[in-house]
Amino acid sequence: MDQPKSRFDARSSPTFVHAYPFVVSNRTHWGSWPGAGMPLVLVLLAALSAGAPAGAVERPNVVILLADDLGWADVGYRDGEIETPQIDRLAAEGVVLDRFYSEPICSPTRAALMTGQDPMKLGMAYDQVHPWYNAGLSPDAYTIAEAFRDAGYQTGMVGKWHLGHTQAHQLPGAHGFEHFHGHLQTNTDYYTHERESGHDLQENGNPVDLAGEYLTHIQAREAVRFIEDRDPKKPFFLYVPFTAPHSPMQAPEDTIAQYGHLPKKNFRREYAAMVHEMDGAIGAILGALDRQGVADDTLVLFFSDNGGSNGFGGVNTPLRGQKGQSFEGGIRVPAALRFPGRVAAGSRYEELVSVMDVFPTLATAAGVPTRPGAPMDGVDMWPAIGRGEKPPERGPVFFASEIPIPGLIHLAVIDGRFKLVQVVREGQTETRVTSLLFDLEEDPYERSDLAAEQPETVARLAALIRSWRSQHPMAGLRGTLVAHPGWVAPHDWAEAVTPSRLLQPRWENELPFPKALMDATAERGILVDEAERRKLEQAEAAQNALQKP
Ligand SMILES: [Ca+2]
């Protein structure tokens with residue numbers, strides 16, 4: 001397999017500020033979204049006249065469009081209150097992935113999407129990466145962007161990262177993206193582009209000042225720019241994680257006015273306007289693919305990173321629950337995949353697909369090799385989705401969230417038709433666990449709790465959850481609401497990143513603690529790091545051997 005060497009090794013680069021070799025930056029000539037308002041007939045003509053020259057692109061392009069907190073009911077193709085003609089177009093021209101599961105919150109979904117791994121193992125299952133955290137993707141993580149880059153793709157990302165922001169090796173440039181335009185935090189203000197009053201908009205490590213311009217518009221323009229200014233001789237991989245419709249609840253006034261008929265409560269009008277703007281941005285990106293004549297050579301995957309948040313306008317009916325919960329409304333999300341000629345237009349795929357499956361599935365769909373031995377928990381669903389074969393055997397799929405209330409943990413496992421939801425309430429002196437059992441085949445909306453009728457199934461699935469949770473690294477993320485005392489935010493998030501040259505690449509914990517402490521922690525049933533424990537056991541055995549007379 002042809003694997004051209006990448007133009008640069010981002011990980012070994014000292015500063016992660018890269019030149020973008022195939023883009024000429026010139027913002028001033030951009031008007032509003034190119035293509036967004038273009039009449040369909042013009043788009044079609046442009047597509048015909050541009051028609052991909054034979055053999056120009058042998059491997060398909062890939063575009064991943066990720067919504068943030070979009071509700072199950074809030075897409076037009078599901079007859080929601082909000083019209084989403086562009087998302088509907090993807091659904092009509094592709095396959096609706098009807099049982100697509102994300103994680104219940106932002107960062108875990110992104111970690112799973114990037115690595116194909118279970119976020120529990122990465123220590124990023126319970127909580128998001130808050131501004132005051134020092135955590136992020138490990139330098140050892142192998143990402144979908146690296147796989148595509150190593151196969152000769154141009155890789156770009158526009159939008160919200162949310163997988164670490166303090167050390168250079170946590171950033172998109174270190175994880176396979178040759179180009180990054182976006183923000184590192186969540187909840188970044190749509191107009192000032194600030195989080196914790198620190199400026200949070202950058203291009204490849206350099207702050208970008210576009211204050212006053214609506215973030216979703218910027219993301220549309222930058223994604224289109226990436227597509228139009230690319231080297232047409234190479235395929236591209238573009239990841240566009242929109243900030244919308246996540247809070248803060250901000251949108252252009254005239255767009256909000258279009259939704260005056262919706263309830264004022266729970267920011268429903270603002271939310272609708274934010275979805276509207278995101279849909280327009282998706283239209284701009286699809287329009288760019290059309291005008292470039294590459295729509296037929298491009299796989300487009302759209303989904304939401306978790307369910308809608310009811311307090312911030314999202315509606316997930318008829319699914320139960322919302323963002324942050326392990327009920328279906330928190331994890332089963334709108335999703336559609338368009339790949340002309342490979343998946344039937346207007347079709348529906350009804351087996352379970354996890355966000356962990358995206359990496360192996362898209363790699364197969366595009367014919368991109370993945371590194372042998374890459375530790376993936378997702379399964380390759382392409383034979384099933386793209387070729388109509390039987391879906392692969394898969395083990396149980398797990399979910400967790402400690403958002404929004406630290407110490408209130410939502411857990412779930414889906415094993416075949418059964419799903420166990422556990423709600424754990426950690427108190428000062430006691431922990432209470434509520435278990436609910438559902439038969440998703442009979443009861444997809446989780447209305448009848450079967451836990452009392454089937455205690456053996458509850459016990460079996462609870463044991464699976466226990467064992468799954470024990471994979472969480474000892475110092476993995478746990479829920480917090482605010483920064484620890486004494487933490488202060490930087491003026492500019494792009495400038496506050498520690499460059500790799502200031503870090504020790506082979507650093508290890510210097511102060512091991514006794515095995516008894518590790519065992520006592522394990523007694524709590526969580527936060528056990530098996531690798532660390534084995535290391536300590538070996539160290540103790542060696543120490544004991546030395547002390548023998
Ligand atoms: Ca989210």
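## Close-up views of a predicted chain

Buried residues make up 50% of the 549 residues in the chain, a residue being buried if 20 or more other C-beta atoms lie within 10 Å of its own, exposed if 12 or fewer and partly exposed in between, with C-beta atoms placed from the backbone. The model is predicted, so that local features need pLDDT of at least 70 and side-chain atom pairs count only at pLDDT 80 or more, whereas totals for chains, interfaces and linings use all residues. Residues are numbered from 1 along each chain as its sequence is written.

**View 1. The chain as a whole, with its 13 helices and 16 strands.** Helices (H or I, at least four residues) and strands (E, at least two) are DSSP runs numbered from the N terminus. Of the contacts in the chain with a separation of 6 or more, 71% are accounted for by residues 24 or more positions apart, where two residues are in contact if their C-beta atoms, placed from the backbone, lie within 7 Å.

View 2. Gly293, which follows H7, has a positive phi, near 70 degrees.

**View 3. The contact of helix H5 (residues 215-228) with H7.** The axes of H5 and H7 come within 9 Å and cross at roughly 10 degrees; axes are lines fitted to C-alpha atoms, for helices over the stretch in contact, and angles run from 0 to 180 degrees between N-to-C directions. This crossing makes H5 roughly parallel to H7, given that angles under 35 degrees count as roughly parallel, over 145 as roughly antiparallel, 65 to 115 as roughly perpendicular and the rest as oblique. On the H5 side the contact includes Thr216, Gln219, Ala220 and Ala223, and on the H7 side Glu277, Met278, Ala281 and Ala284 are among the residues met. By class, the residues of this contact divide into 10 nonpolar, 2 polar and 2 charged, where Ala, Val, Leu, Ile, Met, Phe, Trp, Tyr, Cys and Pro count as nonpolar, Asp, Glu, Lys and Arg as charged, and the others, Gly among them, as polar.

**View 4. The contact of helix H2 (residues 85-93) with H7.** Here the axes come within 7 Å and cross at roughly 55 degrees, which makes H2 oblique to H7. Pro85, Gln86, Ile87 and Arg89 of H2 make the contact with Asp279, Ile282, Gly283 and Leu286 of H7. The contact of H2 with H7 has 4 nonpolar, 2 polar and 2 charged residues.

**View 5. Strand S11 (residues 335-338), covered on both faces.** Ala335 and Leu337 on one side, and Ala336 and Arg338 on the other, are all buried. Strand S2 (residues 95-101) pairs with S11 in the antiparallel sense over 2 bridges, and strand S10 (residues 298-304) pairs with S11, also in the antiparallel sense, over 4 bridges; two strands pair if DSSP finds at least two bridges between them. Leu337 in S11 stands opposite Val95 and also opposite Leu301.

**View 6. An open sheet of 4 strands in the order S13-S14-S15-S16.** The pairing in this sheet is antiparallel, and its edge strands, S13 (397-401) and S16 (431-439), each pair on one side only. Neighbouring strands are turned by 15 degrees against each other on average, direction ignored. Strand S14 (residues 408-415) and strand S15 (residues 418-426) pair over 8 bridges, with Val413 opposite Leu420 in S15. Helix H11 (residues 455-469) packs on the sheet, touching S13, S14, S15 and S16, and its direction makes about 60 degrees with that of S15.

View 7. Most residues other than glycine have a negative phi, and most peptide bonds are trans.
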